[in-house]
Amino acid sequence: PDDVAFLADVIDDVSAEVCIDPDRVHVDGFSNGAFLASLVACELSDRVASVAAVAGLLVPDGCAPSRPVPVLAIHGTEDRYVPLDGGPGPALDDLEWSDDSRAAFAGLAFGDVTEAAATWSELDGCDPEATQAEVSDVVESTTYGDCADGAEVELYLVDGGGHTWPASAFSHASAAILGATTDDIDASALIWSYFEEHP
């Protein structure tokens with residue numbers, strides 16, 4: 001299925017039914033959804049204001065956004081499904097795969113997340129010198145600023161964090177499968193704030 005075309009159609013359908021601000025269409029996703037959000041930033045950059053990717057930021061092959069796209073990413077350093085330094089994680093071998101699932105993941109570019117953030121900063125024309133800050137004892141942020149057209153690239157790394165959505169009750173309840181999470185940042189609140197700041 002063409003997921004990017006599907007999302008473009010969703011934007012069209014919602015726009016036709018209700019009054020929305022076309023400058024404030026944002027996309028976020030978790031895991032495979034984060035891969036899709038990354039792809040949307042490349043292929044629908046003229047339709048979306050910004051994107052957020054939790055546990056799955058990447059730069060798809062041939063990515064050429066038509067405008068700088070603000071990108072926020074959150075990733076755990078101990079993610080066993082989508083490792084921080086790239087490659088399919090060992091925990092994926094524990095999952096039961098259908099033929100369709102295998103086909104969907106075939107050839108997917110699991111890249112180094114910190115390198116992906118740096119590449120997005122290049123695509124957005126940002127200052128190559130990133131600003132790093134300790135958000136908490138277990139969370140560090142890397143921000144690429146001075147980007148073209150007011151874009152910004154931010155990466156939050158959760159030390160010891162697994163394949164999780166910070167401050168999520170589901171992630172806490174699934175720690176035995178997905179790994180540790182943190183409440184030091186609230187991913188939902190952080191993303192919402194980022195979207196508000198980047199129309």
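In this predicted model, the largest nonpolar core holds 31 residues. Val48, Val51, Leu57 and Trp120 have the most contacts inside this core. Two or more residues each come from α1 (3-17), α2, β2, β3, α4 (113-123) and β6 (153-158). Helix α2 gives the largest share, five residues. Nonpolar side chains tend to be buried together in soluble globular proteins.

Another core, of 14 residues, lies apart from the largest one. Ile74, Val139, Tyr156 and Ile191 are among its members.

The strands form an open sheet of six, in the order β1-β2-β3-β6-β5-β4. The pairing is mixed. Strands β1 and β4 (131-134) stand at the edges. Each has a single partner strand, so one side of each is left without a neighbour in the sheet. From one strand to the next, the twist averages 10 degrees.

Strand β2 (residues 50-54) is mostly covered, with five of its five residues buried. Side chains in a regular strand alternate between the two faces of the sheet. In β2, Ser50, Ala52 and Val54 point one way. Val51 and Ala53 point the other way. Residues on both sides are buried. Val51 is also one of the residues with the most contacts in the largest core.

Five bridges join β2 to β1 (residues 26-30), and the two strands run parallel. Asp28 stands opposite Ala52 of β2. Together with helix α2 (residues 32-43), β1 and β2 make a right-handed β-α-β unit. Four bridges join β2 to β3 (residues 71-76), again in parallel. Here the bridge partner of Ala52 is Leu72 of β3. Strand β3 in turn is joined to β6 by six bridges, and these strands run parallel. In this pair, His75 stands opposite Leu157 of β6.

Helix α4 lies across β3, β5 (139-144) and β6. It runs at about 170 degrees to β6. Helix α7 (residues 187-197) lies across β1, β2, β3 and β6. Relative to β2, α7 runs at about 165 degrees.

Methods:
Residues numbered from 1 in each chain as written. Predicted model: local features only at pLDDT ≥ 70, side-chain atom pairs only at ≥ 80, totals over all residues. Heavy atoms only, no water. Buried < 20%, exposed > 50% of the residue type's maximum accessible area, 1.4 Å probe, protein only. Pairing = 2+ DSSP bridges. Right-handed = clockwise from strand over helix to strand, strands pointing away. Core = buried A, V, L, I, M, F, W, Y, C linked by side-chain atoms within 4.5 Å. Axes fitted to C-alpha atoms, helices over the stretch in contact; angles between N-to-C directions. Contact = heavy atoms within 4.5 Å.
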